[in-house]
Amino acid sequence: MASAAAAVRHTATKVIYRLKRGDKDESKEVQKDLFSFRETAQHGFPSNPSAIAYDESLDLLAIGTQSGELKVVGKPGVVFSGFHGNNGSVKQLFFLADQGRIVSLTRKDNKEDYIHLWEVNSINENSAHIQEVKQIQIEEALGSTTTCCIEGDGSVLYIGTSKGNLHVVDIKAFTLVESKIVLEAILQNVPDDYKANPGCVQVVSTHPLKPNKILIGFSRGLIVLWDNSISHAEHTYVTNQPLEDLAWHSNGAEFSSVHVDGSLINWTTAHAQSPHHGPSIPYGPFPCNPITKLTTVTGKCSKLTVFIGGMPRASYGDRNSVTVMQGRSHVAYDLPSKVIDFVVISVGKGLEREPKTIFVLTEEELICIDLTSEGWPVVQKPYLNSVHFSPITYAIHYTDVNESYGIVLQLLQACRVVCLTTSGL
């Protein structure tokens, strides 16, 4: 025992000496003999988040990151972690409702796109894990993937590309279908100004009641209602501003579009010649930032509209904002870090769905907005700051900590909640 202890002391002395001299490469070899590190648990908010998705039927939340990590969270104590390997950052996530499966889009080196299928499978009676079961690489000849959209029943994934075409993935077989929606067919009945260069496919959105109908939005502002059952463009809608996002209304008879100038337009599907309402600029009339993400949910009272951005460029151009509007209620949330995405959680089915919560994914934390309480307050976290799952750069261990320290921390948290509540968030 004495000789073993002496050997450890000798090795530790060499490590410290070489670190002082700056011989880091040599010290790493010695550290392997002296220390043994292994991952035993993961804790904290994912580093560099890039995508979010939610499964209402299973009550699961998924977050993807720029490093390719996939984290799925359920009730307290239920966490699944996966990794996309060398296939790049996660761009979009989709749950296959009530199946415990996830479809993810990743991009590697800004040129290689992959579609992945993940499943939550049981290891034994007491444990389960998430694993990738299938993968599709999108060939560069098809164009880079600009957006994806999954059909309501989870049977088909539409892939929009920089070349203006739409490719289709059969989810059951998880293969790329040979037939595709080509740009030439989509543009048959559009104005001549857009036939030459409508731009890339900016957004694809399936009809909430008729999955064979899809909205295809192009970056220059052209919107096409495509009937996939007869391979025909049913209507075309033209705007003067480049398009950012589209959102169907729950009744399927209307939809909204948002644009780079911070404007919002409401359309009726049957009347393509002119908008039903708008364009309106919520934070105009002065120049505004683009509205980059839009969601609408029609509840029992009136339509709820949620969007990212759109603030006045001169005075609030550097703010990270999410806006929620319903009837005369209008709340803008000024958030401490960049907004990545959000999801609206609703209860009920079909036209009787009622918005309940908004999960906002930012670079530094996950924020929850309570839509059932007056004023739509932010749900307060039970800690002072979000702990981040990121590389450890320093660690120190304190012992014999006075109990009063914990009491002070609890008082600080209580004070923070009171201050935020009285300030009206």
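Colleague: Let's start with Tyr-237 and Phe-255: buried or exposed?
Modeller: Bear in mind that this is a predicted model. Tyr-237 and Phe-255 get the same label, and the cut-off behind that label is a relative accessible area under 20%. Both residues are buried.

Colleague: How many aromatic pairs turn up, and what is the angle between the planes for Tyr-237 and Phe-255?
Modeller: The count of aromatic pairs is six. In the one formed by Tyr-237 and Phe-255, the ring centres are 5.1 Å apart. The geometry is edge-to-face, since planes over 60 degrees apart go in that class, and here the angle is 80°.

Colleague: Which strands does that pair link, and how many residues apart are its two members?
Modeller: Tyr-237 sits in strand S17, residues 232–238. Phe-255 belongs to strand S19, residues 254–259. So the pair joins distant parts of the chain, with a separation of 18 residues.

Colleague: And Tyr-283 with Phe-307: what kind of pair do those rings make?
Modeller: Their centres are 6.4 Å apart, and the limit for pairing is 6.5 Å. The planes meet at 70°, and anything over 60 falls in one class. That makes the Tyr-283 and Phe-307 pair edge-to-face.

Colleague: Where in the chain is Phe-307?
Modeller: Its partner Tyr-283 is in the loop between strand S21 (277–280) and strand S22 (291–298). Phe-307 lies 24 residues apart from Tyr-283, in another distant part of the chain. Its element, covering residues 303–309, is strand S23.

Colleague: What is the relative accessibility of Phe-307?
Modeller: Tyr-283 is buried because its relative accessible area is 16%, under the 20% cut-off. Phe-307 counts as buried too, with a relative accessibility of 0%.

Colleague: Which residue has its ring under the charged end of Lys-293?
Modeller: The charged end of Lys-293 is 4.4 Å from the ring centre, and the distance limit is 6 Å. The ring that Lys-293 sits over is that of Phe-342.

Colleague: How many disulfides are there in the whole structure?
Modeller: Take Cys-148, which is buried at 4% relative accessibility. Its closest cysteine sulfur, in Cys-149, is 8.8 Å away, so that one is too far for a bond. Searching the whole structure, the disulfide count is zero.

Colleague: Phi of Asp-400 is near what value?
Modeller: Most residues other than glycine have a negative phi. Asp-400, in the loop between strand S29 (388–389) and helix H6 (403–422), is exposed, with a relative accessible area of 78%. Asp-59 has a positive phi and is partly exposed at 48%. For Asp-400, phi is also positive, near 55°.

Colleague: Last one: how many nonpolar residues does the lining of the second largest pocket have?
Modeller: That pocket has a volume of about 1100 Å³. Of its 37 lining residues, those closest to the centre include Leu-61, Val-73 and Tyr-383. Strands that each supply at least two lining residues include S3 (60–65) and S27 (354–362). Set aside 10 polar and seven charged residues in the lining, and the nonpolar count is 20.

Technical notes:
Residues are numbered from 1 along each chain as its sequence is written. This is a predicted model: local features need pLDDT of at least 70, side-chain atom pairs count only at pLDDT 80 or more; totals for chains, interfaces and linings use all residues. Side-chain values use heavy atoms; hydrogens and water are left out. On a 1 Å grid over the protein atoms alone, a cavity is a set of points where a 1.4 Å probe fits but cannot get out, and a pocket is an open set with protein on both sides within 12 Å along at least five of seven lines; lining residues have an atom within 4 Å of a point. Grid points are joined across faces, edges and corners, and a volume is the space filled by probe spheres set on the points. Helices (H or I, at least four residues) and strands (E, at least two) are DSSP runs, numbered from the N terminus. Ala, Val, Leu, Ile, Met, Phe, Trp, Tyr, Cys and Pro count as nonpolar, Asp, Glu, Lys and Arg as charged, and the others, Gly among them, as polar. Rings of Phe, Tyr and Trp (its six-membered ring) pair if their centres lie within 6.5 Å; planes under 30 degrees apart count as stacked, over 60 as edge-to-face and the rest as tilted. Buried means under 20% relative accessible area, exposed over 50%, partly exposed in between (1.4 Å probe, protein chains only). A charge sits over a ring if NZ of Lys or CZ of Arg is within 6 Å of the ring centre and within 35 degrees of the ring normal. A disulfide is a pair of cysteine sulfur atoms within 2.5 Å.
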